[in-house]
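Subject: Structure for your files

Hello,

Here is the structure you were going to look at. My notes on it come after it.

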Amino acid sequence: MKVYDSMAKEIISLNLSKDEVVKVFVCGPTVQDNFHVGHARTYIFFDSLVKYLRVRGYSVFYLQNITDIDDKIINRANEEGVDYIEVSEKFTSEYMQLMNLLHIDSVNFYARATLHIPEIINQISELVQKGYAYETSDGVYFRVSKFNDFGRLSGQNMDALKSGSRVDLNEQKSDPRDFVIWKKYKPGEPFWESPWGKGRPGWHIEDTAITEKYFGPTYHIHGSGTDLIFPHHEAEIAIERSISGSPKLADYWIHSAMININDEKMSKSLKNYVKIREVLVDYWPEELRYALLNAQFKTSINFSPEILQEARQNVNQISILYRKLSLKGRNYKNNLGENAKIKVLENILDKNIDFRQLFTEVLSMVGEWNRNLDTMNDPEVTEALQTIYWVDSFTNIVRRGSGVSSVKGAVEILLSLRKEMRSRKEFGIADGIRADLKDLGIYIEDKGEETIWWTSEEKGSDKN
RNA sequence: GGAUAGGUGGCAGAGUGGUCAUGCGUGGGACUGCAGAUCCCAUCUAUUAGGGUUCGAAUCCCUACCUAUCCUCCA
């Protein structure tokens, strides 16, 4: 299995062992505001990546942090005249709900920063002791000049950073590149006691304190969106390696590209974002997942109604075929691993975890299965079902209508009535039944003497 | 200015030297009582520009131009 690694800046082999737990850390959100499609992309991608690793037999522990103390959270709380905890609780809960809606269920543990203050203070103390950090009147800062690998991941030139710095010059830092790891208390702000007085943690050190606690000084995969490479990941590397002395923090660095809108990055500060909630009014989670996985992870996606519409088409095509196949046979969970189609798909993914290429190949298989649907024998049906089931097990893009709902009996009575009407050429009545069922989310399809049906609610603009 | 990733049809997007895949869209056809689903055919005269290497370049080299992200908080 290979993947583009941001540190190596090329596609390299992912050498992971199946005999030990694979430790994956992905930077979670700051719980300060509504979540947008950009967040969705990153977390859907890593969800599918981790699930795929598991499908391939790796035992993965997927850790994510939640930044629940931060300037922006405090500012928002002040604006609204509430305690910061109200803000962070509200959006933490919203985040969890969205993850649930989007089928993002691969994370083993969400670690909140405010529940790791002792670990953070320990790290700062160590850094101060070793001379990597110094105290000023407003906080404790990391001394970047003591860590000579700073800038390697992001390709930043140390001197250029120094001179061309856009960083605040007002602070009492001894070097403009130095970053804050402890912020001293100002009136009205939440605080924790520390050897440097009341205060709260800086952002970068939250993650290292958390990963060190659960993973130790090094782990296997570190992921997030590309926008966190600098300075956040440089800072994490500097902090943890200064403490541990290890030559690396993570074996692999995987960064997913941004979501753009009108060719510009979607972001809170530009106010050009589309909320996940808004998308889910008109589109199913499976459709959003498809749209966001339907690109190489290193390629930015220009978000538009067109990509959602395309996703809807393809999700429908795969889902409807899946339904038809499952009416033909149900032993698709057997004999996984002997499936030649799955082998083909594995080979595609193993080149660079490219879900778009996976989808392209799946769609061509779907075309073939549709062509042969009437003549497929049992092993072929099983193979097809297994394959779609396998793909769905880590992508979650198949919409599963059900033919065994609680209304099954009633539907079948109506269908036999409709059959009778059709044989009497009472097409008005027959079509009326079909239309009424459709309004209830029950789709039927005539094929010769047979009529198959499934349930599938409609969403958004397609309704009517 | 530096770093990174790119510039292929209406859109999306494969393709590291030899008739420019594929998907969406659009048009037509088959099937159907009609639909739906599905299939077939077509369409869109597409490789940023200019040089070079080559029998031959989207693909290799050079130059220019352009786009996005990062170089401040951000997934």
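Predicted model: local features only at pLDDT ≥ 70, side-chain atom pairs only at ≥ 80, totals over all residues.

Residues are numbered from 1 along each chain as its sequence is written, chains are lettered from A and ligands numbered from 1 in the order in which they are written, and side-chain values use heavy atoms, with hydrogens and water left out.

Domains. Chain A is assigned domain 1 (2–265), domain 2 (311–395) and domain 3 (408–462); such bounds come from an automatic or database domain assignment. Between the C-alpha centres of domain 1 and domain 3 there are 54 Å.

Helix pair. Helices (H or I, at least four residues) and strands (E, at least two) are DSSP runs, numbered from the N terminus. Helix H9 (residues 285–293) and helix H10 (residues 305–328) have axes that come within 8 Å and cross at roughly 115 degrees. Axes are lines fitted to C-alpha atoms, for helices over the stretch in contact, and angles run from 0 to 180 degrees between N-to-C directions. H9 and H10 are therefore roughly perpendicular to each other (under 35 degrees counts as roughly parallel, over 145 as roughly antiparallel, 65 to 115 as roughly perpendicular and the rest as oblique). On the H9 side, the contact (heavy atoms within 4.5 Å) is made by Glu-286, Glu-287, Leu-288, Tyr-290 and Ala-291, and on the H10 side by Ile-307, Leu-308, Ala-311, Arg-312, Asn-314, Val-315 and Ile-318. Of the residues in this contact of H9 with H10, eight are nonpolar, one is polar and three are charged (Ala, Val, Leu, Ile, Met, Phe, Trp, Tyr, Cys and Pro count as nonpolar, Asp, Glu, Lys and Arg as charged, and the others, Gly among them, as polar).

Four-stranded sheet. This open sheet has the order E6-E7-E8-E9 and antiparallel pairing; two strands pair if DSSP finds at least two bridges between them. Strand E6 (133–135) and strand E9 (199–201) are at the edges with a single partner strand each, so one side of each has no neighbour in the sheet. From one strand to the next, the twist averages 20 degrees. Strands E7 (residues 139–142) and E8 (residues 179–184) run antiparallel and are joined by four bridges. Opposite Val-140 stands Trp-182 in E8.

Three-stranded sheet. The order in this open sheet is E13-E12-E14, with mixed pairing. Strand E12 (residues 259–261) pairs with E14 in the parallel sense over two bridges, and Asn-260 stands opposite Asn-302 in E14.

Regards
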